[in-house]
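Good morning, and thank you for making the time. I would ask you to keep the sequence and the structure in view while I speak.

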Amino acid sequence: MKVLQLGPYPPPHGGVQTNLVAIRRYLHARGHECEVINLTRHRREDSDGVYYPRTPIEVLKLLARLRYDIAHYHLGGNVTTRLLGLCLACSLMPGRRAVLTFHSGGYPLSAAGRRARPLSLRGFVFRRFDKIIAVNQTIVEMFRRFGVASNKIHLIEPHALAAAPAAVALPDDLHSFYAAHDPVLLTVGLLEPEYGLALQVEAMARVREKFPRAGLVIIGSGSIEAELRALIASKPYAADLLLCGDVAHERTLRAISDCDLFLRTTHYDGDSISVREALHAGVPVIATDNGMRPAGVRLIPKADEAALVAAVEESLTKERHGGGDGEAEQDEARVPEVDEKEADRNVAAVFELYRELVEGEKGGAL
């Protein structure tokens, strides 16, 4: 079997990237081929079956030139005209099957997502895919409104959960920062406007009034990095804010495991893998309510600094005093039990979709 995945390839590491890499490793481990077309602005030299086209035309040329049985497109964020055109191109390649994973948890709740209907260009394009993978039930319902047949839609949650290997240590800058601060707050994600990172920087002024040794670590890269560095430099507590760029995934897991509180403040977000990784590590999580957070997350309203500060203070106080009274216990993070093999099961479900498509096309076993 030959699979061509299209989507964001790390670095930087994010939920979609983690899912894409997990699928690729699963295929390689079973003797199948899997190449990748990276669709982000982060580019490198083509190598090891990963291609970094610079223009939409180059993407189309790769789609036409490469040999594969299945094109698997990972779509996240807004459905722009350009991305919709790429969806259509994937579905038009002769002799190839097309699979779409829709990772954007926020889109179904947006105005455009709520307007989903069969008699639309989006509905026409989405119905051309042989299989559509939705990462939550809200996305399933949206595709039904687009008129996609139920037997084409599959709910597969991409929970690629893992723990940091015991031998993995923090990078030197993170190790020094963690040693100098208590508590340590951490956020992991792309440095983009929709992730509300300035809110966390501003909130630290009030957090540090109650916890004077508190520090905030931000892991990730993106388009607002320079803007965010300037904001941090303007603060009198700049030394207590660490913007450390991209960090290898295993070391990011170590940073998550060793922090005191994980933050995910967003204007637009889906089912964040990093949130689930923090819960899996037993770390309290505070996140903006996007309607689809997992059990155990302390929810706050969007762009609400006062709510963020209050949640941080309450969470840290409970951690230091072993919980609160009975009334407060309902807000405590409840870490869900997670089967260590869950990630493999979810990726295996994707593989079974591939198998079904290829066997249906070739009439033989793999």
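How many salt bridges does a search of the whole structure find? The search finds ten salt bridges, a salt bridge being a side-chain nitrogen of Lys or Arg within 4 Å of a carboxyl oxygen of Asp or Glu. Before I turn to some of them, a word on the basis. This is a predicted model, in which local features need pLDDT of at least 70 and side-chain atom pairs count only at pLDDT 80 or more, while totals for chains, interfaces and linings use all residues. Residues are numbered from 1 along each chain as its sequence is written, and side-chain values use heavy atoms, with hydrogens and water left out.

Let me give the overall composition. The chain contains 13 helices and 13 strands; these are DSSP runs numbered from the N terminus, with helices (H or I) of at least four residues and strands (E) of at least two. Of the 366 residues in the chain, 54% are buried. Here buried means under 20% relative accessible area, exposed over 50%, and partly exposed in between, with a 1.4 Å probe and protein chains only. The chain exposes about 16400 Å², and carbon and sulfur atoms supply 50% of that area; the areas come from the Shrake-Rupley method with a 1.4 Å probe, and for residues only the protein chains shown count as cover. As for contacts, meaning heavy atoms within 4.5 Å, consider those between residues at least 6 apart in sequence: 71% of them join residues at least 24 apart.

I now come to the sheet. Seven strands form an open sheet with parallel pairing, in the order E3-E2-E1-E4-E5-E6-E7; two strands pair if DSSP finds at least two bridges between them. E3 and strand E7 (153-155) stand at the edges with a single partner strand each, so one side of each has no neighbour in the sheet. Elsewhere, E1 and E2 are joined in the parallel sense by six bridges, and Leu4 has Glu35 in E2 as its bridge partner.

Strand E4 (residues 70-75) runs parallel to E5 and is joined to it by six bridges, with His72 standing opposite Val99 in E5. Together with helix H3 (residues 81-92), E4 and E5 make a right-handed β-α-β unit. Right-handed means that, with the strands pointing away from the viewer, the path from the first strand over the helix to the second runs clockwise. E5 also pairs in the parallel sense with strand E6 (residues 131-134), over four bridges. Why is E5 largely enclosed by the rest of the structure? It is so because five of its six residues are buried.

Thr101 is a residue of this strand, which covers residues 97-102. Thr101 is buried, at a relative accessible area of 3%. Its bridge partner in E6 is Ile133. Beyond its neighbours within four places in sequence, Thr101 is in contact with His72, Tyr73, His74, Leu75, Ile133 and Val135.

Next, helix H2 (residues 56-65). Its buried residues are Val59, Leu62 and Leu63. Seen down the axis of H2, these residues fall within an arc of 100°, so they line one face of the helix; the arc is that of the directions from the helix axis to the C-beta atoms. The cover over them includes strand E1 (2-7), strand E2 (33-38), strand E3 (50-51) and H3. On the other side of H2, Ile57, Lys61 and Arg65 are exposed.

Finally, I return to the salt bridges. Arg208 forms one with Asp240, with 3.1 Å between the closest N and O atoms. This pair links distant parts of the chain, 32 residues apart: Arg208 is in helix H8 (residues 197-210), and Asp240 is in the loop between helix H9 (225-233) and strand E10 (241-243). Arg208 counts as buried at 19% relative accessibility, and Asp240 is buried at 14%.

Within helix H13 (residues 342-362), Arg355 and Glu352 are three residues apart, about one turn of the helix, and their side chains meet in a salt bridge at 3.5 Å, N to O. Arg355 also meets Glu359 in a salt bridge at 3.9 Å. Arg355 is partly exposed at 24%, Glu352 at 41% and Glu359 at 25%.
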